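Hi everyone, thanks for coming.

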Amino acid sequence: MNRDGGDADAPNFRTAPVVKGDFVSKVQATGTLEPSELVDVGAQVTGEIKEFGTDTEGRRIDYGSEVKAGQLLARIDDTIVELNIQRAEASVEQAKAQILNSNASVEQAKASISQAKANKNKADRDLERAKKLGVGDALSQMSYDQYVTAAETTAANLESATAQLETAKAQQASAQAQLLSAQAQLKSELRNRDYTHISSPVDGTIVVRQVNVGQTVVSNMSASTLFLVARDLSKMQIWASVNEADIAKVHPGQLVRFTVDARPHEDYTGTVNKIRPNATMSSNVVTYIVEIDIDNPERKLLPYMSANADFIVQEVKDALLVPDAAFDFHPAPKMLDPQFAGKKPDAAPAEDGPVTLWRKTDEHHVAPVRVIRGDSDGTRSIVTLPEGETLEPGTELVTGIEIIIPEGAGMAGGPGANGGQGGNLFRPKMPERPKRGAGGVEAKPGQEVKRQNRGPHF
């Protein structure tokens with residue numbers, strides 16, 4: 001075969017027809033089906049799984065169960081939580097009793113202050129009278145000193161009563177704080193009791209169940225995952241891996257056609273949602289995850305199925321399509337139809353400029369036709385015609401030639417050439433065996449042996 005014409009005397013053209021049809025340019029990728037929204041249901045308390053709930057049809061919760069928001073999925077043993085609740089309730093009552101005692105202490109301290117104030121006032125008045133009388137015949141020094149001492153004592157008693165009031169108020173504030181703490185602890189334990197009942201936060205389908213009855217779950221810094229609930233399996237996504245070389249052709253809102261391995265003869269469609277910017281690299285190949293929204297009203301498609309997706313880049317109805325191989329053919333000058341004998345094959349065309357294809361005019365000649373090449377789907381290209389050019393569907397365009405070698409012809413064209421192997425140019429020629437007496441095992445001592453370096457000959 002010879003794609004470029006060569007010097008063949010009788011070329012046999014290989015051709016392919018121009019067709020008119022629908023053109024689709026696409027980017028191909030593979031991916032997996034994922035639920036549009038997956039909710040992680042976990043445990044916030046530690047304990048043993050005592051039982052599972054039931055789904056909307058009354059069956060025990062399991063894979064594929066349909067559930068409603070607030071529906072019980074599982075129950076954790078609440079024995080420890082109930083004991084903690086009782087302790088918290090006792091702490092609340094104890095704090096309330098301390099508040100009562102502190103309140104009584106405050107009132108008692110206030111009464112002591114009132115009594116101390118009255119005593120101090122009386123002592124102050126007595127001391128004032130004693131000072132006016134002075135020490136003499138009417139008032140002895142001892143009596144005067146007693147008035148002074150009484151005034152000082154009542155003042156000290158008033159200070160002590162005031163300090164007792166402040167202490168009682170502090171105890172009252174402490175008791176109130178203890179009550180708030182005990183109430184918060186009780187509220188926390190009551191909340192933990194609610195956490196022993198694992199409920200679905202959304203309407204959806206159980207796609208993963210990671211625990212069994214009797215299994216102990218441990219809650220640490222993060223909640224332990226018990227179930228994964230898909231919110232709505234009638235709306236799903238494909239997470240497709242697209243090569244970086246093709247990602248520029250993908251955009252949100254783009255039409256996607258896809259199939260799944262489980263249903264290879266059924267076609268589905270979807271729409272690009274977004275392109276995730278966090279690329280991944282594997283074996284020096286960079287890929288991006290593209291999210292494709294799909295409808296699944298009959299729920300035939302299941303999570304994690306493999307999908308083969310085609311991102312539709314361009315779609316043209318009733319377009320002229322020519323085989324890509326036709327762009328690679330360049331005829332020898334003697335193959336040109338006589339009326340085009342003076343035409344030279346094109347050099348490399350300018351970008352987006354016309355290129356020359358060759359249509360078959362007879363068994364040995366071709367004629368040029370100029371087209372403007374568009375996008376290719378990997379096999380055929382869409383073309384438009386410059387002004388003044390015509391190209392009808394069904395026109396045979398040359399894609400290459402075959403050289404016909406007559407049966408029995410050798411390299412020189414004569415019978416028996418090429419080692420008598422029927423003139424097959426592509427069959428290796430076997431090396432000639434040395435003649436007897438000219439070398440080899442029968443060579444005489446001292447006789448020169450001439451060897452011919454022969455190998456496969458094409």
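Let's start with strand E8, residues 204-209, which is mostly covered: six of its six residues are buried. Buried here means under 20% relative accessible area, with over 50% being exposed and anything in between partly exposed, using a 1.4 Å probe and protein chains only. Strands, by the way, are DSSP runs of E with at least two residues, helices are runs of H or I with at least four, and both are numbered from the N terminus.

Quick housekeeping: this is a predicted model, where local features need pLDDT of at least 70 and side-chain atom pairs count only at pLDDT 80 or more, while totals for chains, interfaces and linings use all residues. Residues are numbered from 1 along each chain as its sequence is written, and side-chain values use heavy atoms, leaving out hydrogens and water.

Back to E8. Strand E5, residues 66-67, pairs with E8 in the antiparallel sense over two bridges; to count as paired, two strands need at least two DSSP bridges between them. Valine 67 has glycine 204 as its bridge partner in E8. E8 also pairs with E10, again antiparallel, over four bridges, and there valine 208 stands opposite leucine 228.

Now for the rings. How many aromatic pairs does the structure hold? Two. Phenylalanine 52 and phenylalanine 227 have ring centres 6.0 Å apart and planes at 70 degrees, so that pair is edge-to-face. The pair links distant parts of the chain, with phenylalanine 52 in strand E4 and phenylalanine 227 in strand E10, 175 residues apart. Phenylalanine 52 is buried at 9% relative accessible area, and phenylalanine 227 is buried at 0%. Then there's phenylalanine 258 with tyrosine 268, a stacked pair at 5.4 Å centre to centre and 25 degrees between the planes. As for the cut-offs, rings of Phe, Tyr and Trp (its six-membered ring) pair if their centres lie within 6.5 Å, and planes under 30 degrees apart count as stacked, over 60 as edge-to-face, and the rest as tilted.

Last stop, the helices. The axes of H1, residues 79-133, and H2, residues 141-195, come within 6 Å and cross at roughly 165 degrees. Axes are lines fitted to C-alpha atoms over the stretch in contact, with angles from 0 to 180 degrees between N-to-C directions. H1 and H2 are therefore roughly antiparallel, a label for angles over 145 degrees, with under 35 being roughly parallel, 65 to 115 roughly perpendicular, and the rest oblique.
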